[in-house]
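This report looks at the empty spaces in one protein model. Rolling a probe the size of a water molecule over the atoms shows where such space is left.

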Amino acid sequence: MDRKRLLLWVMATLLMLLGEAAAAAPIAQKEAFPGAEGYGRTSIGGRGGRIIPVTTLADSGSGSLRACIDARGPRVCIFRVGGVIRYTTKRPIIVNPYITIAGQTAPGGGILLTHNGGPDGFTPLVIKNTHDVIIRYIRVRPDRRGEQRESNSGITIENSRRVMIDHVSTSWSLDENIGGYAQNDEITISNSIFAEGIPKHDKCALLASDPTGPQHVSFIRNLCAHNGDRNPDINFPRGSCVEIVNNVLYNGVVEFAEIWESYGGTPVSIVGNYFRAGPNSKPGYAHALVYHALGSTGHARLYDKGNIFDGLLAENEGVAAVRVPSPPCPITVPVTSAQAAYEEVLAHSGALPRDAVDRRIVGEVRSRSGHIVSGFGDLPAIASGKPYTDRDNDGMADDWEVAHGLNPDKFDAWGHHDASGWTNLDEFLDDLSKERIAHP
């Protein structure tokens, strides 16, 4: 090989390697998605990485959700199937960072995760020892009993940071419908439905457990319904920033939002929430805001404003002692009235399009009916639907690309067709989200 050809070969090789390195590195720009809020909005998920199609509902193998979860490097899981994914072996755990699970791409009725019960029946969706995770438009409904109750939550976030959970639905958990464990930080849980935990541990949300340092957590526009307590449970170290904003909290038994001090004293803002008694709420005993002094190692700081207490006692006797006149941390999201939040949450929360379970639960909140369940329900039917056409496998529908001046035969997920600053795929996924919100 002569010197000129050798030089050209070296330059081509370098360009190829640089291209591969760029594809393997996430694009660090903007928030998790347009409109992302709260402390988890800094998550970049799989932006800039591979587009991995989920083409089967099988537990494992090529084209499975497990394969996308277990892959390394930035990646976006794009669903080409809709229906129920039942893990018949022990479920995968999200440990490799930089992942987006884009449930809004699923055709038909979307995606539902569950397990097979027994010795491998563990929490179906777990984020552990990782960072930069975005999960949207997924429902989790265990319908069979796993052998270990404490490992049968709907969703668990453990020792992770920059996590965005948005528009998900869970039910029938034997532990928490959603729970945080160990040292998490920069977490948002938003626009979701957590319902019908199974007694005797029927819980909505355990936002922190065994933290080792301060955490920043946002719980925004969620519905907790038919869970005995932990609606939600708030127990964080000093130096944390916790915000509970514009949620609807329905049919707890005697305790709704619980404020603890056993990890040093939670700094929390509870603003614009709608607390609503239900058939299981005990008249004269059910409190919306509950202070717990048990095991106290410091003083909590509670800022509460604009909450509605519908059929409930507002607070127990300890709350007044920890109330402060201004938020312990600046609130990161715009706050609407509790009444406006009530309508917004009931209209648009959860994994969309809503399945029969979520439609029933929302109806029960409106009619002040329903009850805490005694066992698992039946999985709702999830239509398989037909996936959109995507000739170049860049995650975007061909007709959307044509409408926006893109070439449906060219992979351009991470390009920019306008001056918005968002990538093409970000804008496409946002349009799918808007469509689902418009037709819940």
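**The largest pocket**

In this predicted model, the largest pocket has a volume of about 310 Å³. Its lining is made of 18 residues, and those closest to the centre are Glu 150, Ser 151, Thr 156, Glu 158 and Tyr 181.

Three strands, β6 (125-128), β9 (155-158) and β12 (176-181), each supply at least two residues of this lining. β12 gives the most, with 4 residues. By class, the lining of the largest pocket has 5 nonpolar, 7 polar and 6 charged residues.

**The largest cavity**

The structure also holds 3 cavities of 30 Å³ or more. The largest cavity contains about 160 Å³ of space. Of the 18 residues that line the largest cavity, Ala 32, Thr 100, Ile 134, Asp 426 and Leu 429 lie nearest its centre.

Two or more lining residues come from each of β4 (99-102), β7 (131-136) and α7 (424-438). The helix α7 gives the most, with 4 residues. The lining of the largest cavity divides into 11 nonpolar, 3 polar and 4 charged residues.

**The second largest cavity**

About 60 Å³ of space lies in the second largest cavity. Residues that line this cavity include Ile 157, Ile 178, Gly 179, Asn 184, Leu 206 and Val 217.

β12, β13 (185-190) and β15 (203-206) each supply at least two residues here. The largest share, 3 residues, comes from β12. Which classes make up the lining of the second largest cavity? There are 8 nonpolar and 4 polar residues, and no charged ones.

Methods:
Residues are numbered from 1 along each chain as its sequence is written. This is a predicted model: local features need pLDDT of at least 70, side-chain atom pairs count only at pLDDT 80 or more; totals for chains, interfaces and linings use all residues. Side-chain values use heavy atoms; hydrogens and water are left out. On a 1 Å grid over the protein atoms alone, a cavity is a set of points where a 1.4 Å probe fits but cannot get out, and a pocket is an open set with protein on both sides within 12 Å along at least five of seven lines; lining residues have an atom within 4 Å of a point. Grid points are joined across faces, edges and corners, and a volume is the space filled by probe spheres set on the points. Ala, Val, Leu, Ile, Met, Phe, Trp, Tyr, Cys and Pro count as nonpolar, Asp, Glu, Lys and Arg as charged, and the others, Gly among them, as polar.
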